[in-house]
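User: I am new to this structure. Can you show me how to read it, one feature at a time?

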Amino acid sequence: MTAEAKSAVPASPPLTERQEARRRRILHASAQLASRGGFDAVQMREVAESSSVALGTLYRYFPSKIHLLVATMQDQLQHMHTTLRKKPPAGDSAAERVAETLMRAFRALQREPHLADAMVRALTFADRSVSPEVDKVSRQTTAIILDAMGLENPTPAQLSAVRVIEHTWHSALITWLSGRASIAQVKIDIETVCRLIDLTTPHGPGEGRGRGLH
């Protein structure tokens with residue numbers, strides 16, 4: 001993400017340890033409810049009860065169900081990123097490593113289809129009021145891709161390729177969840193779009209390997 005984009009997101013004051021623990025309970029409750037029944041199963045009152053917080057407190061953390069589910073998606077991606085760092089992709093080129101990484105993340109979501117559907121629907125419904133949460137999802141996805149590429153300082157052309165890859169990955173999630181694409185087709189689309197990385201790498205597809213995902 002560019003410096004301009006980052007500066008557009010207002011900085012939030014850091015949470016206390018107690019507040020962070022409460023936020024984690026809320027996100028866990030949201031994920032559990034969504035895993036069982038999808039988007040419609042996530043009701044703010046039930047989330048409050050499951051996480052042992054007052055309903056008013058829940059709304060101070062997350063003004064709406066959409067805010068909550070988009071934040072849940074960012075949290076799930078963060079957990080995936082941690083897992084991916086423990087077991088980095090093994091492809092020889094940056095394009096291969098990114099494709100492997102995104103398919104591993106896709107399969108993780110595939111194991112929880114109701115949760116995946118709820119999070120993606122929230123992301124689709126999100127309006128401008130949810131921009132900070134949507135930006136966090138985008139930054140987390142970008143970080144996962146850049147780590148797989150092995151890049152710390154991507155060029156503008158590489159960042160552009162990463163954005164197109166992100167769009168394709170999210171679109172692939174939507175088409176798979178709606179039953180309009182098979183896993184095999186998703187894999188082909190992801191591998192195809194990841195070839196953009198080779199076109200934007202200045203000194204060959206292997207540049208920077210080994211600097212990410214440690």
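**Reading confidence, a helix and a residue**

Analyst: Start with confidence, since this is a predicted model. Residues 1-10 stay under 50 in pLDDT, and the model gives them seven contacts beyond four places in sequence. Over residues 204-214 the pLDDT is also below 50, with 24 contacts beyond near neighbours in sequence.

User: Which elements have the lowest and the highest mean pLDDT?

Analyst: Helix α1 (residues 3-7) has the lowest, at 42. Helix α3 (residues 44-50) has the highest, at 97.

User: What span should helix α7 have?

Analyst: Count 1.5 Å a residue.

User: Which residues of α7 are buried, and what covers them?

Analyst: Residues three or four places apart in an α-helix point the same way, because a turn takes 3.6 residues. In α7 the buried residues are Leu-115, Ala-116, Ala-118, Met-119, Val-120 and Ala-122. Their cover includes α2 (17-37), α5 (65-86), α6 (94-110) and α9 (156-177).

User: Is Thr-175 buried or exposed?

Analyst: Buried means under 20% relative accessible area. Thr-175 has 19%, so it is buried. Thr-175 belongs to helix α9. A polar atom of its side chain lies 3.0 Å from the backbone oxygen of Ala-172. Leaving out residues up to four places away in sequence, Thr-175 touches Arg-180 and Ala-181.

Notes:
Residues numbered from 1 in each chain as written. Predicted model: local features only at pLDDT ≥ 70, side-chain atom pairs only at ≥ 80, totals over all residues. Heavy atoms only, no water. Helix = DSSP H or I, 4+ residues; strand = E, 2+ residues; numbered from the N terminus. Expected span 1.5 Å × (residues − 1). Buried < 20%, exposed > 50% of the residue type's maximum accessible area, 1.4 Å probe, protein only. Contact = heavy atoms within 4.5 Å. Polar contact = N/O pair within 3.5 Å; in protein donor to acceptor, adjacent residues only side chain to side chain. pLDDT = per-residue confidence, 0-100.
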